[in-house]
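Thanks for passing this one along. Here are my notes, in the order I would go through them with you on screen.

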Amino acid sequence: MKIVKRNLAPNKSGSVKIILDEQDDLWFVYNLIAKGDTIITDTSRKVIKQSKSYQDFGKQNKIHAKSNESTRVKFKIELEVAAVDYDKDSSTIRVRGTNLVANEAMGVGASHTLEIERNKEFELKKDHWDLNAIQILNEASEQVSGADLAVLILQPPGSAQLFLVGKKTTRCANIQASKGGGNKFFDEIFQAFKKHIDFNIVRYVVLGSPGTLRQQVKDYIFQEATRLNLKAIKENKSRFVMVNIGNKSKLKEVLLDNEVMEVIKGTKAVLEIKAYKEFSDLLMANSDRVCYGPKSVEIANEMNAIETLLITDDLVRCNDIALRQKNMELVKSVQKTGGKAFVFSPLHVSGEQLAKLTGIAAILRFPCPDLEELVL
C-alpha cells in the first residue's frame, strides 16, 4: 500500500490518500473503512437519458415516441459510507453510501456503490482517527517497506526473479530473456531493480547465480546507475552480496546457503529461520516448552504463556474473513503481552516446514505439560 498524502493525528479528524499495490492491501482497507467515513475518488455510473421523437401524418395523426438511451458517465464522487462488503471469492471491496456533493451524474443524497480498485488513488476521511485505525494504516503501509533484504536469483540462459524479504515476502519481478534480445534482459532487471529497491530500507542485495551471470548483471546495474547518475545505487555497492548458488532456483534454497546466512544475519529472514530452529529443537528436547495446532496455541495464549508465535502467511491472510480476523487478533494479543510474532512466508523453507505442522505453533515462556489434556 502506498500512502500518497497523509494529514491526520490520533483522536482527531483527518484524511489520507491511498493507492493499493497488492491484493492483500484490500484486506487492510476493508478493516480501515467504517460507517460514517467519507471516500473521495473517481467512479462511473450508468445514466439513462430520455428523448422524444414523432412522426407527422397530418394534423390529426401525430405519433409521439419516447426512447431511453443509457450512457456510462465518469465523475468524481464524495461518498459517505453506509456499509462495506468484502467478497472473498473475487477479492473485491464494495462500498455503499450516499453522495455528498452534486455532480453531473447524481444529486446530493443519491445512493451509489463503488469498488475499491488496485492501482487507483482514493482519499479516505475520518472524523476521528482512533489508535486502532492508525495501527491498521501503519501495518498496511509497512508490509513491503519493512523488507530489509532483496534477493535476485539468476539462472542461465536468461531467468531472473527479484524478491523483497521482510515482514512478508514479495516476488517483485519474474523476467525471462527473449531470443536475440541483446541487453533487453539486463535492462529489464535494472528497471525492476530501480523500481523496487529502496536503500533507505534494504540492508543487503543478494545476487545469486551459477557461473558469471551475477557479475554481468551487477556490472550492468552499476554501468546504468553511473550513466544516469543514480547516487542511491552507486553509493551502496558494499551492500551487494555475490553468491554461487549452482542450480538453485528457489528463494528458500538460497536463504539456507551458509554463505548467504553468514552475511545477512540480523535480517528478518534469518530471524525467522532461527525462531523456527529454536521451536524444532525444543520440540525434540523439551516438548513441554512448545505447542502447535490452532487449539493448543489458543489455550496457551489465554494462559499468557506464549513467548514466540510462529504462524504462516496463508493463515494470517486467508480469504476466510472470520478465520483471518481471528488469527490477526491472536498476533496482536501475543505482541500486547510482550511476546514476539513471526509470520512465515511459504517461500521460506521454515515456512514450508511450519505449514506441515498445521501452520501455527508457539514457543512457551514456561513448561505447559498439561496443555494436550486441556485441548481434549
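1. **Ground rules.** This is a predicted model, in which local features need pLDDT of at least 70, side-chain atom pairs count only at pLDDT 80 or more, and totals for chains, interfaces and linings use all residues. Residues are numbered from 1 along each chain as its sequence is written, and side-chain values use heavy atoms, with hydrogens and water left out.

2. **Domains.** The protein chain is split into domain 1 (2-46 + 70-142), domain 2 (149-264) and domain 3 (268-364); these bounds come from an automatic or database domain assignment. Taken over C-alpha atoms, the centres of domain 1 and domain 3 are 33 Å apart. Eleven residues of domain 1 are in contact with eight residues of domain 3, where contact means heavy atoms within 4.5 Å.

3. **The largest nonpolar core.** A nonpolar core here is a set of buried Ala, Val, Leu, Ile, Met, Phe, Trp, Tyr and Cys residues joined through side-chain atoms within 4.5 Å. Buried means under 20% relative accessible area, exposed means over 50%, and partly exposed is in between (1.4 Å probe, protein chains only). The largest core has 53 residues, and Ile33, Val95, Ile116, Trp129 and Leu364 touch the most other members. Strand 4 (residues 62-87) gives the most to this core, with seven residues. Helices (H or I, at least four residues) and strands (E, at least two) are DSSP runs, numbered from the N terminus. Because domain 1 and domain 3 both give residues to this core, it lies between them.

4. Not counting residues up to four places away in sequence, isoleucine 116 touches Leu20, Leu26, Val29, Ile33, Ile39, Ile93, Val95 and Phe122. Apart from this core lies another, of 28 residues, including Ala150, Leu154, Phe185 and Leu207. As background, nonpolar side chains in soluble globular proteins tend to be buried together.

5. **Helix 1.** Six of the eight residues of helix 1 (residues 25-32) are buried, so this helix is mostly covered. The buried ones are Asp25, Leu26, Trp27, Phe28, Val29 and Leu32.

6. **Helix 8 against helix 12.** The axes of helix 8 (residues 268-285) and helix 12 (residues 349-356) come within 9 Å and cross at roughly 35°. Axes are lines fitted to C-alpha atoms, for helices over the stretch in contact, with angles running from 0 to 180 degrees between N-to-C directions. The crossing is left-handed, that is, the near helix is turned anticlockwise from the far one by less than a right angle. On the helix 8 side, Glu272, Ile273 and Tyr276 meet Ser350, Gln353 and Leu354 of helix 12.

7. **Helix 9 against helix 11.** Here the axes come within 11 Å and cross at roughly 35°, and this crossing is left-handed. Val297, Glu298 and Asn301 in helix 9 meet Lys326, Leu330, Ser333 and Val334 in helix 11.

8. **Backbone details worth a look.** Proline 156 and proline 157 are joined by a cis peptide bond, with omega about 5°; proline 157 sits in the loop between strand 8 (149-155) and strand 9 (159-165). Asparagine 304, although not a glycine, has a positive phi of about 55°. Asparagine 304 is in the loop between helix 9 (294-302) and strand 14 (306-312), and is partly exposed at 44% relative accessible area. Threonine 358 is not a glycine either, yet has a positive phi of about 75°. Threonine 358 belongs to the loop between helix 12 and strand 16 (360-364) and is partly exposed, at 40%.

9. **Cysteines.** How many disulfides does a search of the whole structure find? The count is zero, taking a disulfide as a pair of cysteine sulfur atoms within 2.5 Å. For cysteine 368, the closest cysteine sulfur is in cysteine 291, 7.5 Å away and therefore too far for a bond. Cysteine 368 is buried, with a relative accessible area of 8%.

10. **Threonine 38.** Threonine 38 is part of strand 3 (residues 38-56). Is threonine 38 buried or exposed? With 13% relative accessibility, threonine 38 counts as buried. Leaving aside neighbours within four places in sequence, threonine 38 is in contact with Glu78, Leu79, Leu100, Glu123, Leu124 and Lys125.
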